[in-house]
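Student: I have a structure open and want to learn how to read it. Where do we begin?

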Amino acid sequence: MIAGVAATIPEEDLDAVRNLDYVTAVHHDRILRASATPARNITQICADQVWSQLGTRGSGVTVAVIDTCIDYTHPALGGGFGPGKKVAGGYDFINGDADPRDDHDRGTHVAGIIAADGADLIGVAPDVTLIAYKVLGSTGQGTMSAIIAALERSADPNDDGSSSEATAVSWRKHGETTWHAAGRRSHGGRSS
Ligand SMILES: [Ca+2]
Ligand SMILES: [Ca+2]
C-alpha cells in the first residue's frame, strides 16, 4: 500500500536520507492510541448539540437492541440487568432463556454507541433505557425467524397484545447502526 520503509536512523543522518534521489519525504514515526476520545466523538456527530437544543439525552425512551446482545455487566451499560437498570429487560431468542447477555461482543458495541454512560465511554443517547433481544449466537449467526420474533416482541415488550409500551428499534447492518420503527416514549407519550 505504501512505497516506503520504516527505519531507525540517527537524527544527524536524516538530511542525508532526505536528499537521496529516490526519497520523496521522511516522516517521524508517531505514537498512536486506541479510542479514548469519547467526548470528541460526540462533538463530531453533534450529539451534544442535540442534547442541549432538545434538552434531553434520551431519558424516558426505551430502545430495543436486536443483536448478540448486551454485556449488561459493563459499568458504562449499567452494570446489571432488570427493572431499574439501564438494560431493563429482554430475551434470549437463541438459547430460549430470559438472560440475553452477550457472548460475542458485537451487540455490546452497538449498545454502547446508543447508550453508554461512562467516564471514558459515552453514547449518543446516554439516558435511554435498553431492552436486549438476543437473536445472534456466540458465532454471530442467527435466524430470520428469531429476528422477526424479536421485532414482534419490540412492538409488545410485555407480551400483552398491546403496543402502547413499544420501543424504538436499532440494529446493525453492513457496518452501520440504523434506527428503525421508532416506537413510543416509555411513559406513554407521543410517538417518536
Ligand atoms: Ca442466555
Ligand atoms: Ca404490550
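Tutor: Begin with the element names. Helices (H or I, at least four residues) and strands (E, at least two) are DSSP runs, numbered from the N terminus. This is a predicted model, in which local features need pLDDT of at least 70, side-chain atom pairs count only at pLDDT 80 or more, and totals for chains, interfaces and linings use all residues. Residues are numbered from 1 along each chain as its sequence is written, while chains are lettered from A and ligands numbered from 1 in the order in which they are written.

Student: Where is Asp71 found?

Tutor: Asp71 sits in the loop that links β1 (62-67) to β2 (87-92).

Student: Why does Asp71 count as buried?

Tutor: Count C-beta atoms, placed from the backbone: 20 or more others within 10 Å of a residue's own make it buried, 12 or fewer make it exposed, and anything in between is partly exposed. Asp71 is buried because it has 20 C-beta neighbours inside 10 Å.

Student: Which residues does Asp71 touch, beyond those up to four places away in sequence?

Tutor: A contact means that two C-beta atoms, placed from the backbone, lie within 7 Å. By that rule, and setting aside residues up to four places away in sequence, Asp71 touches Leu77, Arg101, Asp102 and Thr108. Val87 is 16 residues from Asp71 in sequence, and their C-alpha atoms are 9.3 Å apart.

Student: How many residues are in the largest nonpolar core?

Tutor: In soluble globular proteins, nonpolar side chains tend to be buried together. A nonpolar core is a set of buried Ala, Val, Leu, Ile, Met, Phe, Trp, Tyr and Cys residues joined through C-beta atoms within 7 Å. The largest one here has 31 residues, and Val65, Ile70, Ile114, Leu130 and Tyr133 have the most contacts inside it. At least two residues of this core come from each of β1, β2, α4 (106-115) and β3 (129-134). Ile70, leaving aside neighbours within four places in sequence, has contacts including Val65, Leu77, Val87, Leu130 and Ala132.

Student: Which strand does β3 pair with over 6 bridges?

Tutor: Strands pair if DSSP finds at least two bridges between them. β3 pairs with β1 over 6 bridges, in the parallel sense. β2 also runs parallel to β3, joined by 5 bridges. Ile131 in β3 is the bridge partner of Ala64, and Gly89 stands opposite Ile131 too.

Student: What about α3 (47-54)?

Tutor: α3 is hardly covered, with 0 buried residues among its 8. Gly55 follows α3 and has a positive phi, near 70 degrees.

Student: Which residues other than glycine have a positive phi?

Tutor: Most residues other than glycine have a negative phi. Cys46 has a phi near 65 degrees, and Asp159 one of about 55 degrees. Cys46 lies in the loop between α2 (38-44) and α3. Asp159 lies in the loop between α5 (144-155) and β4 (168-173). Cys46 counts as exposed because it has 11 C-beta neighbours inside 10 Å; Asp159 is exposed because it has 9.

Student: What is the mean pLDDT of the chain?

Tutor: pLDDT is the predictor's confidence in each residue, from 0 to 100. The chain's mean is 84, and 82% of its residues reach 70 or more. Over residues 175-192 the pLDDT is below 50, although this stretch has 35 contacts in the model beyond near neighbours in sequence. Where pLDDT is low, the predicted coordinates should not be read in detail.
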